[in-house]
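Work through the two exercises below with the structure in view, and try each task before reading its solution.

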Amino acid sequence: MTGRLNGRRVAILGGGLIGVSWAALFYHHGADVTLWDPSETARADANARMQKPLAHLATLDDDSATLGHLNITADLAQALDGAELIQENAPESIPLKHDLFAQVEALADPSTVIASSTSALTWSELAPGLADPSRLITAHPFNPPHLVPLVELYGVDPDRLDRAEQIYLAADRVPVRLRKDATGHIANRLASALWREAVHLVADGIADVEDVDAALVNGPGLRWSVLGAHMAYHLGGGDGGLAAYLAHLGPSQERRWSTLGNPTLSSDVQAQLVAGVSREAAGRDIATLENARDAALIAALKARKSAPGV
Ligand SMILES: NC(=O)c1ccc[n+]([C@@H]2O[C@H](COP(=O)([O-])OP(=O)(O)OC[C@H]3O[C@@H](n4cnc5c(N)ncnc54)[C@H](O)[C@@H]3O)[C@@H](O)[C@H]2O)c1
């Protein structure tokens, strides 16, 4: 359902890949979106770059959209004025983000939630940029944020986390909360653990890049799009559920864990990976692959809407 953010103001700081996708999402759901970016080129291009995400969102939602308002500005104070949520998507640099937070803190209403999209920095690394760190939360989306519903939240002020969560829910996102600050949040830790083994499989000569990817997409990846890792094993234990699975096959899991690899990204391994994805891409350029990914994601999201969850 669109229009749930009508009359609510969201400020987007940094209008690159992630900022533009967030802007399109909030605008699609009716918010009054202000987008600020220090780069003139980024500001000039932002509206055009929002059109593809907006078209995706229009395809996904059956009801006619009640769009919001969009203001792209070079004036930070104007961008922050009246915002309930400030979604920061500046480059991944601690000094740069600290400097930006100091400017934001001086201008924004003290009650506003300052939410960082940071992928690899922790709340603890970012918080020293603010005189009052409780104003900051991390709110990590998965690329592209307008299509992948996950947002991972961490902060120290429960009220701000609740208010941010309500806004993400109104924008049709699925927020999850970390109980402790952690590098890579939840999902990128899982993704990194998996990719480490995927690289090991290639580096150790067990399988080619294309076969590792095919094994993932046609096997566990399909199941993981409807069941989490823990619930998948609950269903692997028959009527006895996870407890039965652990009693029967727990030792075999531990045996497998003890054989997992810990590869390094040497120049030789990098060359194998790049050659492998090049074969897998089979001449398709990045834009073609992105379009194929987005079309498949939209189809999967539509199918999930009409299928009962597990
Ligand atoms: N790319 C991803 O897959 C991904 C996924 C999730 C989260 N993130 C996080 O989102 C943030 C942005 O990443 P991105 O991929 O959109 O980067 P990007 O390079 O595409 O965009 C960064 C934008 O920030 C602008 N900018 C430069 N200096 C700035 C400043 N001082 N203040 C505000 N904006 C400034 C740039 O002009 C640019 O438009 C990072 O923290 C990153 O970790 C990225």
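Two strands count as paired if DSSP finds at least two bridges between them, and strands (E, at least two residues) and helices (H or I, at least four) are DSSP runs numbered from the N terminus. The model is predicted, so that local features need pLDDT of at least 70. Residues are numbered from 1 along each chain as its sequence is written.

**Exercise 1.** Determine the order of the eight strands in the open sheet, and find which strands stand at its edges.

Solution. The order is β3-β2-β1-β4-β5-β6-β7-β8, with mixed pairing. Because β3 (69-73) and β8 (174-177) each have a single partner strand, one side of each is left without a neighbour in the sheet. From one strand to the next, the twist averages 25°. Strand β7 (residues 150-155) runs parallel to β8 and is joined to β8 by four bridges, and V151 stands opposite P175 in β8.

**Exercise 2.** Describe how helix α7 and helix α12 pack, and which residues make the contact.

Solution. The axes of α7 (residues 187-203) and α12 (residues 267-281) lie 10 Å apart at an angle of about 95°, where axes are lines fitted to C-alpha atoms over the stretch in contact and angles run from 0 to 180 degrees between N-to-C directions. That makes α7 roughly perpendicular to α12 (65 to 115 degrees). With contact meaning heavy atoms within 4.5 Å, α7 contributes W195, V199, V202 and A203, while α12 contributes V269, Q272 and L273.

Technical notes: Predicted model: local features only at pLDDT ≥ 70, side-chain atom pairs only at ≥ 80, totals over all residues. Heavy atoms only, no water. Parallel < 35°, antiparallel > 145°, perpendicular 65-115°, else oblique.
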